[in-house]
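Let's walk through a β-sheet together, strand by strand. Have the sequence and the 3D view at hand.

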Amino acid sequence: LHGWHKRLAHPHAHLLRRLVSLFKLPTSSTQFPPVCDCCQLCKSHRLPLNNSHVTSRKPFELLYSDVWGPSLFFSINGNRYFVVFMDDCTKFIWIYFLSHKSQVFNTFVQFRKTIQTHFNTDIKSLQTDWGGEYRNVSKYLNSHGITHHISCPYTQE
């Protein structure tokens, strides 16, 4: 059952048994593993992030951005990372898939052009965790009058 548990995105044991019997999935064992390491890790909790005192009242006054990856597996298009941009005011999220972390800079430049073209406005500030991929983005932000807020989730201030 453990193989099906992993393949079916870690469902609860009762649901997994029901799926196995309903779809007559082949199994070598009817015993569910007592502990799934992945499920245990996903249920663990992190320390809370620092409260941000920065807020916005209009779209694109404040965007949050972070990069995820590398994935253990490549996507169909060969991507292992993605960068997220979230607008604080609307909570709207844009996701761009990347094959390399080094694409964050060019992706942000293109994203900014999209915002300018489609919404006839500019980004006022960007908040990041100051990961290495944002170092050269920071220089670009400064040269274009965009404030860069740094919020590191790994330190408690």
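Which residue of strand 5 does Leu126 stand opposite? In strand 5, Leu126 stands opposite His148.

## About the model

This is a predicted model, where local features need pLDDT of at least 70 and side-chain atom pairs count only at pLDDT 80 or more, while totals for chains, interfaces and linings use all residues. Residues are numbered from 1 along each chain as its sequence is written, and side-chain values use heavy atoms, with hydrogens and water left out.

## The sheet

The sheet is open, with 5 strands in the order 3-2-1-4-5 and mixed pairing. Strands (E, at least two residues) and helices (H or I, at least four) are DSSP runs, numbered from the N terminus, and two strands pair if DSSP finds at least two bridges between them. Strand 3 (93-98) and strand 5 (147-150) are the edge strands; each has a single partner strand, so one side of each is left without a neighbour in the sheet. From one strand to the next, the twist averages 20 degrees.

Helix 4 (residues 104-119) packs on this sheet, touching strand 1, strand 2 (81-87), strand 3 and strand 4; contact means heavy atoms within 4.5 Å. The direction of helix 4 makes about 145 degrees with that of strand 3. For such angles, axes are lines fitted to C-alpha atoms (for helices over the stretch in contact), and values run from 0 to 180 degrees between N-to-C directions.

## Strand 4 and its partners

On one side, strand 4 (residues 125-128) pairs with strand 1 (residues 63-68) in the parallel sense over 2 bridges. Here Leu63 stands opposite Leu126, and Tyr64 has Gln127 as its bridge partner. Strand 4 also runs parallel to strand 5, joined to it by 4 bridges.

Strand 4, helix 5 (residues 135-143) and strand 5 form a right-handed β-α-β unit: with the strands pointing away from the viewer, the path from the first strand over the helix to the second runs clockwise.

## A closer look at Ser125

Ser125 and Gln127 point one way from strand 4, Leu126 and Thr128 the other, and all are buried. Ser125 counts as buried because its relative accessibility is 7%, the classes being buried under 20% relative accessible area, exposed over 50% and partly exposed in between (1.4 Å probe, protein chains only).

The side chain of Ser125 reaches the backbone oxygen of Glu61 at 2.6 Å. Leaving aside residues up to four places away in sequence, Ser125 touches Phe60, Glu61, Leu62, Leu63, Ile146, Thr147 and His149.

Notes
A polar contact is a pair of N or O atoms within 3.5 Å; within protein, one must be able to donate a hydrogen and the other to accept it, and residues adjacent in sequence count only if both atoms are side-chain atoms.
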